[in-house]
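I opened my notebook to look up a few things in this model. Have a look alongside me.

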Amino acid sequence: MSMSKASVILTVIVLLLISSKEAASIQSGSRSILRAVSSENKAQVDYAVDLNSTNFDAVLRNTPAAHAIVEFFAHWCPACRNYKPQYEKVARLFNGPDAVHPGIALMTRVDCALKINNKLCDKFSVSHYPMLFWGPPSKFASGGWEPKEEKSEIHVIDDGRTAEMLLNWINKQLGSSYGLDDEKFENEHLPSNISDLGQIARAVYDVEEATFFAFEIILEHKMIKPHTRASLIKFLQLLVAHHPSKRCRKGSAEVLVNFDDLCPPDMWSPDKQEAVSDNKGMLGNFQICGKEVPRGYWMFCHGSKNDTRGFSCGLWVVLHSLSVRIEDGESQFAFTAVCDFINNFFICEECREHFYQMCSSVTAPFNTSRDFALWLWSTHNKVNERLMKEEASVGTGDPKFPKIIWPPKQLCSSCHLSSNQRENGFGQIDWNLNEVYKFLTGYYGKTLASLYKEKDRLGDEVTDGAIADLVASTNAVVVPVGAALAIALASCAFGALACYWRSQQKNRKYYHQLHSLKNI
């Protein structure tokens, strides 16, 4: 073979190798592009909540959101498929634990192409896809819509074909200025907490969240010990009688009834831990405020930064709400229950020690609920004053919610007689204590409960007879078996069980008398 032929063959081979590498590179690149597209599709999250006829009423009845949007669509509809990304852009702002503006509106969708939803879609006279409705969540639950219905609180959104148009429509309804580019913790309405009395009504959801997290922390850190069991039981008794949430009262009562089973003295022993998978004991599987809690976000206690407010704010609201619901005869019991609970179960050491130091400085027992409520209010302000100084020096405070002495004049002008308080929040205020107590009872009592009353979650109030028995029994012993049962059932019918409670107490006294005679 001549050199010229050999060079030609070699050149052809080189060209073939180059072309094959390029083809492989293109194919590899194509595969990588497909993988990228696929991974992007997998990373997409649906923020809107899919509903059907089995959960429609329950979800909308129990949502903490003030408003609801329901999109009726059909999965086979091309216009609906094209609209979904637009709807999701808006849903990102309002739905889920990472919502930018939580608690404002719940955005949902219902697929009318599914037979299970036929009657539901008929109830709302769905005439085209997609069809959007706006209204109070409770009005959707067990409700419907007719085209000629003039006084309905449910309205058709007729101008929401793009994300921008839909959000503009929402902004017009709310008088807000939300934007599609809003990021988390940029809620312009947050500062209204210190000027709008009605904002505290949103905290009804936070007290449930805070109650859940308090017990979650206790279990996570295995804080139920032989020497702390009594203080936890006393606090549970207080929650059963006076927690502002009916379902938290019910859950606390169930824990109290089954306390020895859920929290046996050896609950953290290796043998007990092998029986449970989450390392939290049997109580870890119990939902103290119901299956809908936790929700993953705060409403009234929502901070402007990730690490501010939240649980600590929610726990303070729980304590204040308890303080204004007790009777005079319970004031000392409530004081010791709260102090012992914080001392044994609040995990922030500096805060715990400061709080218990103020508890220890009380020299005389409380005789009235007013005295206890005002003491807790004063204690909270002392904590705020300490934190104001610390946060000012290190810059860790919430810029939109700086610590202040409570209540500010915007919320209760009659509470302030005079003040030499400087702009930084320090100084002395001359308080009208009668007005302060009046404010506390209204703010953490009726106003806090107003939203729950609308949704029938408060339940019946505790009768004086059951409360008297509760205090009498808990002053003597921590929780007799009969007492625990009476407390638990009392969350539904406190007055009817007062006689049963007394009979159990008499039986217990008789038992102790017999036991004492045997030991003589």
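**A residue and its helix**

I started with N384, which sits in helix 15. A caution for myself: the model is a predicted one.

Is N384 buried or exposed? I found a relative accessible area of 8% for N384, and since buried means under 20%, N384 is therefore buried. Leaving aside residues up to four places away in sequence, I noted that N384 touches K403 and I404.

**The helix pair**

Next I looked up how helix 15 (residues 369-394) sits against helix 12 (residues 311-323). Their axes come within 9 Å and cross at roughly 160 degrees. Angles over 145 degrees count as roughly antiparallel, so helix 12 and helix 15 are roughly antiparallel to each other. The crossing of helix 12 past helix 15 is left-handed.

Which residues make the contact? From helix 12 I listed W316, L319, H320 and S323. From helix 15 I listed S369, F372, A373, L376, W377, H380 and V383. Sorting the residues of this contact, I got seven nonpolar, four polar and no charged.

**The whole chain**

Then I stepped back to the chain, where I found 19 helices and seven strands. Of its 520 residues, 46% are buried.

Last, I checked the contacts between residues at least 6 apart in sequence: 71% of them join residues at least 24 apart.

Key:
Residues are numbered from 1 along each chain as its sequence is written. This is a predicted model: local features need pLDDT of at least 70, side-chain atom pairs count only at pLDDT 80 or more; totals for chains, interfaces and linings use all residues. Side-chain values use heavy atoms; hydrogens and water are left out. Helices (H or I, at least four residues) and strands (E, at least two) are DSSP runs, numbered from the N terminus. Buried means under 20% relative accessible area, exposed over 50%, partly exposed in between (1.4 Å probe, protein chains only). Contact means heavy atoms within 4.5 Å. Axes are lines fitted to C-alpha atoms, for helices over the stretch in contact, and angles run from 0 to 180 degrees between N-to-C directions. Angles under 35 degrees count as roughly parallel, over 145 as roughly antiparallel, 65 to 115 as roughly perpendicular and the rest as oblique. A crossing is left-handed if the near helix is turned anticlockwise from the far one by less than a right angle, and right-handed if clockwise. Ala, Val, Leu, Ile, Met, Phe, Trp, Tyr, Cys and Pro count as nonpolar, Asp, Glu, Lys and Arg as charged, and the others, Gly among them, as polar.
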